Amino acid sequence: MIPSAWRARLFAPAAVTATALAFALYARVEQPWVVLGWVGLVPWLAALDRVTTVRGALASGLFMCLAFTAAVFGWFAGAIRNYTGAPWSMAVLVLLLLAPLLQPQMIAFALTRYLALRGGAGWWRTGLTGAL
């Protein structure tokens with residue numbers, strides 16, 4: 001049996017990966033994948049419910065920010081490479097370094113949701129806080 005602390009650590013990367021994959025398919029804008037836009041964040045939200053520290057919430061938000069940017073805006077690395085003539089690896093690195101500037105809402109959402117849940121807000125206040 002895996003201890004609960006390790007299960008949470010193993011669950012978070014899997015949840016972020018599942019969410020990134022869902023949004024990568026959704027970004028194709030094809031009929032079978034459109035529904036993923038409605039449920040794509042569910043694995044990550046389940047992982048956020050298990051976060052126990054502010055540091056964990058920030059790490060989860062940053063990891064989701066990087067994964068989302070790579071999955072949905074992966075084409076942007078090709079644009080960087082074509083425009084600058086830089087190698088592919090450098091273009092991907094630049095894209096990932098810019099990810100917190102391109103998608104800061106992932107980090108802010110993770111921290112806000114954590115603070116709302118740990119502050120004693122009910123499920124509807126936490127949902128409203130996240131939506132705002």
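Tyrosine 26 is partly exposed, with a relative accessible area of 35%, where buried means under 20% relative accessible area, exposed over 50% and partly exposed in between (1.4 Å probe, protein chains only). The model in which this residue is seen is a predicted one, in which local features need pLDDT of at least 70 and side-chain atom pairs count only at pLDDT 80 or more, while totals for chains, interfaces and linings use all residues. Residues are numbered from 1 along each chain as its sequence is written, and side-chain values use heavy atoms, with hydrogens and water left out.

Confidence is expressed as pLDDT, the predictor's confidence in each residue from 0 to 100, and the chain averages 88, with 92% of the residues scoring at least 70. The lowest confidence in the chain falls in α1, at a mean of 80, and the highest in helix α6 (residues 88-102), at 96; helices (H or I, at least four residues) and strands (E, at least two) are DSSP runs, numbered from the N terminus.

Phenylalanine 23 counts as buried because its relative accessibility is 11%. Five aromatic pairs are counted under the rule that rings of Phe, Tyr and Trp (its six-membered ring) pair if their centres lie within 6.5 Å, planes under 30 degrees apart counting as stacked, over 60 as edge-to-face and the rest as tilted. In the pair of phenylalanine 23 and tyrosine 26, the ring centres are 6.1 Å apart and the planes stand at 85°, so the arrangement is edge-to-face. Phenylalanine 68 and phenylalanine 73 also form an edge-to-face pair, with 6.3 Å from centre to centre and 70° between the planes. Phenylalanine 68 is buried at 12% relative accessibility, whereas phenylalanine 73 is partly exposed at 25%. Ring pairs join Phe23, Tyr26, Phe68 and Phe73 into a cluster.

Also in helix α1 (residues 4-26) is alanine 22, which counts as buried at 11% relative accessibility. Not counting residues up to four places away in sequence, alanine 22 touches Leu36 and Gly40, a contact being heavy atoms within 4.5 Å. Beyond this helix, in the loop between α1 and α2 (36-39), lies valine 29, whose relative accessible area of 68% makes this residue exposed. The phi of valine 29 is near 55°, a positive value in a residue other than glycine. Most residues other than glycine have a negative phi.

Methionine 106, leaving aside its neighbours within four places in sequence, is in contact with Trp44, Gly61, Met64, Cys65 and Phe68.

Glutamine 103, in the loop between α6 and α7, is buried at 8% relative accessibility. Its contacts, not counting residues up to four places away in sequence, are Cys65, Phe68, Thr69 and Phe73.

In α3 the buried residues are Trp44, Ala47 and Leu48. They lie on the same side of α3 because they cover an arc of only 100° around the axis, the arc being that of the directions from the helix axis to the C-beta atoms.

Two salt bridges are counted, each defined as a side-chain nitrogen of Lys or Arg within 4 Å of a carboxyl oxygen of Asp or Glu. In one of them, arginine 113 meets aspartate 49, the closest N and O atoms being 2.5 Å apart. This pair links distant parts of the chain, with arginine 113 in helix α7 (residues 104-118) and aspartate 49 in helix α3 (residues 42-49), 64 residues apart. Arginine 113 is buried, with a relative accessible area of 13%, whereas aspartate 49 is partly exposed at 40%. Not counting residues up to four places away in sequence, arginine 113 touches Leu45, Leu48, Asp49 and Thr126. Glutamate 30 and arginine 28 also meet in a salt bridge, at 3.5 Å from N to O; glutamate 30 is partly exposed at 35%, and arginine 28 is partly exposed at 45%.
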